[in-house]
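Thanks for coming, everyone. I'll keep this short. Please look at the screen.

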Amino acid sequence: MILFKNIFVDFDILIDMILSSQNIQNLLLEWFSDNGRHWIPWKLKKDGSIPQPGESLSPYEIWIAEVMLQQTQLMVVIPYWEKWMKAFPTLTSLKDADLENVLMLWQGLGYYSRANRIYQSSKILIEFIGKNTDQDPHSWPNKIDQWMSLPGIGRSTAGSIVSSAFDLPTPILDGNVKRIFSRLLATDRKSIRYEKKLWELSSLLISTTSPRNFNQALMDLGANICTPNKPSCSSCPLQKFCVAYADYDPNNFPQKEMTKIKPIQEIGIGLVFNENGELLIDQRLESASMGGMWEFPGGKKTPSESIENTIERELKEELGIAIKVGEKLLSFEHSYTHKKLSFTVHICEWISGEPKPLASQKFLWVSPDQLFEFPFPAANKKIISELHKHLCIENKKL
Ligand code: SF4
């Protein structure tokens, strides 16, 4: 049965029609029971069993997973989450950890500000929960507003944490759910009203008897059936409610963002060795993006200078030292969310001046073998790997 074929309707009428069908929740929950991803570790009890309706799960484990999932796919997140839970099994252990150890565990997941915000939030949460009760789910916040007051937690992440941990009916609107609703309503209008209507649909639709499973069912449907490209509409439990399926091509909803060309900035990096064969690294300011991570010194090239001049100038400004720029080790591009950086890396020799952390929080001279002991952003990892290859070749020559 197709409900909406060839009729013009607006948001409100469509939402009413969807909601007036009593069985949409049941259809989704039945589909979830047979097809859902019932193996996600933070959605299970400690003994590996599925929680009963109304039973709480660990808010700590769910919070960490939800933040990891903000920019990263589930299958990538799982091994990171497992490692994290071994290293920091409780909120107290996280709050007492060094930020550097937290960043080490985050290496490879990207968007390091998430790790910084989790760390900051652990201090706020422990104040709220109390030191000896952090393993009791009932001492944790269970309201959307409380979670949204933490750094980096938006409404959808808060809704997902509360519904997953406490089985409470808090709606979500992540990318998967937005796509499903846009297709159900066949709308790609981009406006605050549109966003508000999707939130309204999520709030009105959520099951009050099984909210945890309902939200998970939406996420699983978006991940496995209502996929961004070529959705499997023939296997979809919501097919008969879906206007995009009935009247249009679901692939066209929601409208794809135009790919913006990212500006490219050239960056010169110096691998500065001293007479003992040690290498200079410095630690980014806590307040900077990727705060607390280590990096090789360098910076942005101005239009009028050569890359060698950039490296000399940046090392003077950043660490107060004079260097001799030597051979080029490598150049490569690295993409971030809104920009692309083009790195050129040179081996350099320290000439004079005691390093001072003028634009960083700390500096260290380390042996190249020790570099693996520090958290570095992904772009610097490429440099480390190339440097080790280079040093191997140099050693063989000797
Ligand atoms: S019918 Fe197709 S487009 Fe519509 S919700 Fe289901 S999978 Fe998505």
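How many Å separate the centres of domain 1 and domain 2, taken over C-alpha atoms? The answer is 39 Å. A word on ground rules. This is a predicted model, in which local features need pLDDT of at least 70 and side-chain atom pairs count only at pLDDT 80 or more, while totals for chains, interfaces and linings use all residues. Residues are numbered from 1 along each chain as its sequence is written.

Now the domains. Domain 1 covers 11-252 and domain 2 covers 264-397. Those bounds come from an automatic or database domain assignment. The two domains touch: 9 residues from domain 1 and 8 residues from domain 2 take part in the contact. Contact here means that the C-beta atoms of two residues, placed from the backbone, lie within 7 Å.

On the domain 1 side, helix H6 (99-106) and helix H7 (113-129) give two or more residues each. H6 gives the most, with 4 residues. Helices are DSSP runs of H or I, at least four residues, numbered from the N terminus. By class, this side has 4 nonpolar, 4 polar and 1 charged residues. Nonpolar means Ala, Val, Leu, Ile, Met, Phe, Trp, Tyr, Cys and Pro; charged means Asp, Glu, Lys and Arg; the others, Gly among them, are polar.

Follow the chain on from H7. His138 sits in the loop between H7 and helix H8 (144-148). Is His138 buried or exposed? His138 is exposed, because 10 other C-beta atoms lie within 10 Å. The cut-offs, with C-beta atoms placed from the backbone: 20 or more others within 10 Å is buried, 12 or fewer is exposed, and in between is partly exposed.

Next, the ligand. There are 14 residues around the ligand, and Cys226, Cys233, Cys236, Cys242 and Pro250 come nearest. To be near, a residue needs its C-beta atom, placed from the backbone, within 6 Å. The shell has 12 nonpolar, 1 polar and 1 charged residues. Helix H10 (175-184) and helix H13 (243-247) each supply at least two residues. H10 gives the most, with 3 residues.

H10 also packs against another helix. The axes of H10 and helix H12 (residues 211-224) come within 8 Å and cross at roughly 80°. So H10 is roughly perpendicular to H12, a label for angles of 65 to 115 degrees. Axes are lines fitted to C-alpha atoms over the stretch in contact, and angles run from 0 to 180 degrees between N-to-C directions. Asn176, Val177, Arg179 and Ile180 in H10 meet Leu218, Met219, Leu221, Gly222 and Ala223 in H12.

How values were computed
Parallel < 35°, antiparallel > 145°, perpendicular 65-115°, else oblique.
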